[in-house]
Amino acid sequence: MRIGIVGAGILGLAVARRMAREGAEVTVLEKEPRVAAHQTGHNSGVVHAGIYYQPGSLKATLCREGVAMLREYCAEHGLPYEEAGKLVVASTRAELPGLRRIAERARENGVPGVAELDAIGLREIEPYAAGVAAVHSPHTAITDFAAVARRLAADVAEAGGSVRLSHPVRAIRQTADGVLVAAGRERFSFDRLISCAGLGTDRVAELAGADGDVRIVPFRGEYYRLSGPAAGLVRGLIYPVPDPRYPFLGVHLTRRIDGEVLAGPNAVPALALEGYSWRRVSPRDLRAILSWPGTGKMAAEHWRTGVREVYGSLVKRAFTAAARRYVPALTPADLVRAGSGVRAQAVTRDGRLLDDFAIDVRGRIVLVRNAPSPAATSSLAIARHIALTVPLAF
Ligand SMILES: Cc1cc2nc3c(=O)[nH]c(=O)nc-3n(C[C@H](O)[C@H](O)[C@H](O)COP(=O)(O)OP(=O)(O)OC[C@H]3O[C@@H](n4cnc5c(N)ncnc54)[C@H](O)[C@@H]3O)c2cc1C
């Protein structure tokens with residue numbers, strides 16, 4: 001079977017590796033000159049343990065399976081993987097019910113080792129953190145997802161597949177017995193096409209004539225780095241109790257595999273699909289985003305949160321205040337800008353931020369419609385899930 005895959009992020013490469021190892025002839029088409037150029041190379045690097053997600057959802061099951069598969073994969077290939085441990089901290093008593101819900105979910109999802117801590121217990125784990133209580137997930141880990149993606153690409157090549165960089169997919173036609181694809185200056189003929197195009201998902205769906213009932217709305221997440229001795233104020237990962245209305249986890253402090261500590265990401269609307277800063281504006285992308293009925297409905301419901309997030313993006317003191325809630329010793333001088341990532345978040349026609357992973361099958365074409373966090377953590381399990389789904393399309 002000849003399988004084409006759009007996108008050389010961690011998901012496309014995990015799917016390609018899986019299919020190549022099952023004997024398919026695999027070609028990955030990537031528009032950028034390198035793998036992991038977008039979400040996979042611009043994230044927090046956290047291997048989520050699965051404590052947040054609705055039990056029974058794809059996120060909950062594939063995250064748990066994905067962690068086990070990723071841990072083993074990293075061990076097998078000498079890739080970085082460190083169980084830095086995560087604290088979810090309630091900074092006020094009002095947040096205690098939300099924190100309790102997180103602990104219950106963690107138990108329902110079978111996350112190992114989760115403990116509920118009081119104010120003293122949390123300081124034993126993170127001496128500079130402040131809060132009234134916390135949930136500790138000792139097996140939450142950190143890795144380098146871009147390095148994992150590069151290794152996956154090498155596996156694809158070793159299994160006889162090919163990863164074609166600088167090959168933007170420009171046209172797709174489904175015929176009675178295959179899928180014709182134009183990418184870069186070449187034409188390809190596949191038996192199946194699988195799209196893992198992240199921020200480019202809607203464009204690929206449009207080319208495939210598979211409109212669907214969600215659209216990608218890009219949300220930028222901006223980071224600061226803790227400079228100098230301030231990095232010593234954080235041992236592992238310190239997270240707020242998330243607002244259940246949003247799939248985003250709130251500004252957190254994350255020790256990275258290279259020893260740096262990041263604060264962020266926030267969640268502000270990006271003004272282009274690949275809008276990594278306020279200066280990156282695409283009228284074409286904006287027209288598409290704003291003409292989707294769900295965008296206006298979402299904005300009408302969540303504008304207060306939006307204004308607060310934009311303020312935090314523009315005013316460093318406000319961003320610092322979000323981090324200081326959990327580590328009060330931090331000052332604005334400790335924070336240095338450290339880039340951003342753009343989340344490909346699917347929004348429904350009625351303005352809901354789609355929470356779960358979403359995969360559509362249209363004849364010979366499989367479209368990943370929503371693969372936000374923890375999709376990097378879950379990538380190997382999502383690939384297995386897709387490998388099981390594909391033959392069912394016929
Ligand atoms: C700020 C931020 C923080 C995050 N933190 C975490 C975390 O800590 N842990 C975690 O598990 N997840 C995290 N995530 C989510 C995670 O990064 C993504 O879920 C994951 O990387 C998705 O992988 P992907 O391969 O689907 O997408 P991507 O990595 O975006 O890859 C899609 C690829 O498709 C290519 N493409 C698009 N259109 C075309 C086209 N027409 N032709 C050819 N190629 C095309 C793009 O160039 C891109 O390389 C975070 C995401 C962001 C943005």
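## Strand pairing around Val46

Val46 stands opposite Ile142 in strand β8. Strands here are DSSP runs of E with at least two residues, and helices are runs of H or I with at least four, both numbered from the N terminus. Strand β8 covers residues 141–143 and pairs with β3 in the antiparallel sense over two bridges; two strands pair if DSSP finds at least two bridges between them.

The open sheet has three strands in the order β3-β8-β4, with antiparallel pairing. Its edge strands, β3 (46–47) and β4 (81–82), each pair on one side only.

## Basis of the model

The model is predicted: local features need pLDDT of at least 70, side-chain atom pairs count only at pLDDT 80 or more, and totals for chains, interfaces and linings use all residues. Residues are numbered from 1 along each chain as its sequence is written, and side-chain values use heavy atoms, leaving out hydrogens and water.

## Helix α5

At the start of α5, a side-chain oxygen of Asp144 reaches to within 3.1 Å of the backbone nitrogen of Ala146. Buried residues of α5 include Phe145, Leu152 and Asp155 (buried: under 20% relative accessible area; exposed: over 50%; partly exposed: in between; 1.4 Å probe, protein chains only). Gly160, which follows α5, has a positive phi near 95 degrees.

## Pro97 in helix α3

Pro97 lies in helix α3 (residues 96–108). Pro97 counts as partly exposed because its relative accessibility is 42%. Pro97 and Val241 are 144 residues apart in sequence and 9.8 Å apart in space, C-alpha to C-alpha.

How values were computed: Polar contact = N/O pair within 3.5 Å; in protein donor to acceptor, adjacent residues only side chain to side chain.
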